[in-house]
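Please open the structure in the viewer and keep the selection panel at hand.

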Amino acid sequence: MSTRINPNTLPDMVAAMQAAQQNAQTAAQQVSTGRRVNNPGDDPAAVAALVINDAQTSQDAQFQTNISDLQSKFQVADSVMNSASQLLTSAISLGTQGATGTLTAANRQSIAAQVAGLQKQLLSLANTSYQGTYIFSGTDVTTQPFSENSSAPSGVTYNGNSAETTVQISQGQSIQTNLPGDQVFANSAGNAFAALNDLTNALNSGTGIAAANTEVQNAFDQLNNQRVFYGNSLNQLQSTESFLSQDTVNLSSQQNSLIGADLTQAISTLSQAQTAEQASISATAQILNLPTLLSYIK
Amino acid sequence: MGTLISSLNMALQSMQAEQEALSTTTNNISNVNTPGYTRQTVSFEETQPVQYGGMLFGNGVALGQITSQRDNLLQTRFEQETQQQSKYSSYLGTMQQVQTLFNETTGNGLQSSITSFFNSLQQLSTSPSDTSLRQGVLTSAQNLAQSFNNTANNLQQLQHNADLTVGQSVNQINNLTSQIAGLNVQISSATVTGQNAGTFIDQRDQLVSQLSGLVDVSTIDTGNGSVTLTTSSGTALVAGNQSFQLTAQTNPATGLQDIYSQGSDITSSLTGGSLAGAIQARDQTIPSIVSSLDSLASGIGNSMNSINKAGTDLNGNAGGAFFTVPSAGSTGAASSIRVAITDPSKIAGSLNGSAGDNSNINAMIALQNQPIVNGQSPLNAYSDLVFQVGNDVSTAQSESTSAQAMVQQLQNQIGSVSGVSINEESVNLVQYERAYQAAAQVSAVVSSLTAEAINLGQTVTAS
């Protein structure tokens, strides 16, 4: 006697139809969402990697915001230093003019007054603020960095500090974000305020004009040396920004390979699954319609 | 005796036997869709022959017995697989809800809150004295704390739901075991009197299968048709006519229900059925996830606090606690973490005391890559947790699928032994019908022969 088979095939057929339907649904979900992984349980390692990937993408976006903020700030600082540099150039030509022996004392004093005016302008430049904070006061950003002080040799007092700040602009890369004013305008290698003060005094007195002019020249050189910092920093920001843009593209492509569906394959799977589902339904319908022996017994 | 009358008797017996066989077939066909019904077969037996004149004459047919076609071994394996299948599917039911809390593929989860918090500090580092940026840090810190709170509360809710299932399952188990004890009585009394207890056994098998869906059951046949049921660790559920009720008692320490039998706590010894699945999710998996979240919240909270305390705030004062977290240990950190400061100026971003100094903010940012959560950076620790949750789901899914396939396979095997086939019953129907017709014909022939004998030598015809 042959092995008896289970006469009740319905549960198997229902299960087969459900499985086929499930496969078709999964494939349809992959096509419509474009994602192969829709839950941590679908691919635990991929979703765990996605956590890190998404965090890096978001950090990169933040770094790019930081860079754009710093670029504006650096451009303002750089333009201030550019103005200061032009101002010192004017002072040098005034000094050269004042050193000419044919000038009268009155002429020299008139030039001295112009130099004193330049010093006031320099003071105003050095006290420039950006978004409510002073650019050149070190980290003491709420204190006006330079104030007039006639008793000081340079004619001004520095009220800021010499502290520098750094900001992270990419993973593992930080950049210095300020130049303290004492370093830029009151440096021992070339103090712009003292130089202009000395030049004014020399022009008024008529003695030591050439020496004072050399002092201004030194301050000019020093200022331009410092200004290189902003130029370099802006370049660095620019190149880091390109790196971050590229990194964001890479991260996005990684994200796609982690959880994205291969659309060509997903669509082909979907059509296969749909065919299988239809076949399963059609087979079930045929089996349900099979007559039993009773139909033939008369 | 080979007499005409004995032939009539034999024809009558035969018609009776076929009629009973027809009745069994009818019963099989009637129950073709009854869950748990086991097909019955009849056996015909020859009756004792009679000796006459040194010869043995056959003396007709009798119905031997009606047998239910069942395979107890298959039934036992089916129950065992059902226990595994129910356990995984119940566990999976809870875990699929758990994984939605960590579904980073749709942006649900803590990654964005953690990253946004550190990003807001990055933003602040570019302009440390900016009050709106400081407010931004506080807002994102509150979002982070809120995310921790929500995730922990949702987990607690899921744990509570699993706990409700535990209580309901205990009631269902008690209901089933007392019904099974009742059937044990009916089956053994039928067996003792030699009756076919098939219908009762079908009912009991159905109930034991249902019980297997709830809890791990071992069946021991104690003879005379009665069974003893215990859990796999030996806790008695049913013995003969007696069922042993389980009780669910709320444990004051955890607020969750422990399961007791005869005064002893059997909660952790259950290994199968939906009850074991609910208990595994409730007592092991969810607490382990909560504990990982607690470490994460506590790691970020405490590290932020010690850095903020080392710095100077915008008003020139020493910083205080940034987050409120449990002071000792990490237990409850995720559900209770709060932002401790409301005044944006109290973020202590400066180390040298001046408003523009961002050194301490940079120290806070650096936490992102420091091993502050059980030797891991916060995001790596969180990523591991997401993997853990996903892996639990994925493992339970494949276990559940393979157990389901086994259950289906065993159902087929049981069906091949016990299931009613309409074709087979049709054949039986025709077979018994024809035999009945033949026996009826025999009685007609014998009746006619008897008439011949009665009318022997007479002119009057008896008809």
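Helices and strands here are DSSP runs, a helix having at least four residues and a strand at least two, and they are numbered from the N terminus. The model is a predicted one.

**Chain A: a residue in a helix**

Select Ala283(A), which belongs to helix H7 of chain A, residues 263-289. Is Ala283(A) exposed, partly exposed or buried? Ala283(A) is partly exposed, because 13 other C-beta atoms lie within 10 Å, and a residue needs 20 or more to be buried and 12 or fewer to be exposed.

Although Gln131(A) is not a glycine, its phi is positive, at about 50 degrees. Gln131(A) is exposed, since it has 12 other C-beta atoms within 10 Å.

Then select Asn374(B), in the loop that joins H8 to helix H9 (378-418) of chain B. Asn374(B) is not a glycine either, and its phi is positive at about 50 degrees. Asn374(B) counts as partly exposed because it has 13 C-beta neighbours inside 10 Å.

**Chain B: helices H3 and H8**

Select residues 111-126 and residues 359-366 of chain B, which are helices H3 and H8; they pack at an angle of about 155 degrees, with their axes 9 Å apart. That angle makes H3(B) roughly antiparallel to H8(B), as angles over 145 degrees count as such. The crossing of the pair is left-handed. Display the side chains where the helices meet: H3(B) brings Phe118(B), Leu121(B), Gln122(B), Leu124(B) and Ser125(B), and H8(B) brings Ile361(B), Asn362(B), Met364(B) and Ile365(B). This contact of H3(B) with H8(B) has six nonpolar, three polar and no charged residues.

**Chain B: helices H2 and H5**

Now select residues 72-100 and residues 198-214 of chain B. These are helices H2 and H5, packed at an angle of about 30 degrees with their axes 7 Å apart. H2(B) and H5(B) are therefore roughly parallel to each other, and their crossing is right-handed. Among the contact residues are Glu79(B) and Gln83(B) of H2(B), and Asp205(B) and Val208(B) of H5(B). The contact of H2(B) with H5(B) divides into one nonpolar, seven polar and two charged residues.

**Chain B: two domains**

Colour chain B by its domain assignment, which gives domain 1 as 4-69 + 420-454 and domain 2 as 76-409. Taken over C-alpha atoms, the centres of domain 1 and domain 2 of chain B are 64 Å apart. Eight residues from domain 1 of chain B and six residues from domain 2 of chain B make the contact. On the domain 1 side, strand E4 (residues 61-68) of chain B gives the most, with three residues.

**Where the chains touch**

Finally, show both chains together. How many residues does each chain give to the contact? Chain B gives 48 residues and chain A gives 47 residues. On the chain B side, the elements that give two or more residues are H3, H8, H9 and helix H10 (422-454) of chain B. H9(B) supplies the largest share, 17 residues. By class, the side of chain B that touches chain A has 13 nonpolar, 32 polar and three charged residues.

Note on methods: Residues numbered from 1 in each chain as written. Chains lettered and ligands numbered in written order. Predicted model: local features only at pLDDT ≥ 70, side-chain atom pairs only at ≥ 80, totals over all residues. Axes fitted to C-alpha atoms, helices over the stretch in contact; angles between N-to-C directions. Parallel < 35°, antiparallel > 145°, perpendicular 65-115°, else oblique. Left-handed = near helix turned anticlockwise from the far one by under 90°. Contact = placed C-beta atoms within 7 Å. Nonpolar A, V, L, I, M, F, W, Y, C, P; charged D, E, K, R; others polar. Domains from an automatic or database assignment.
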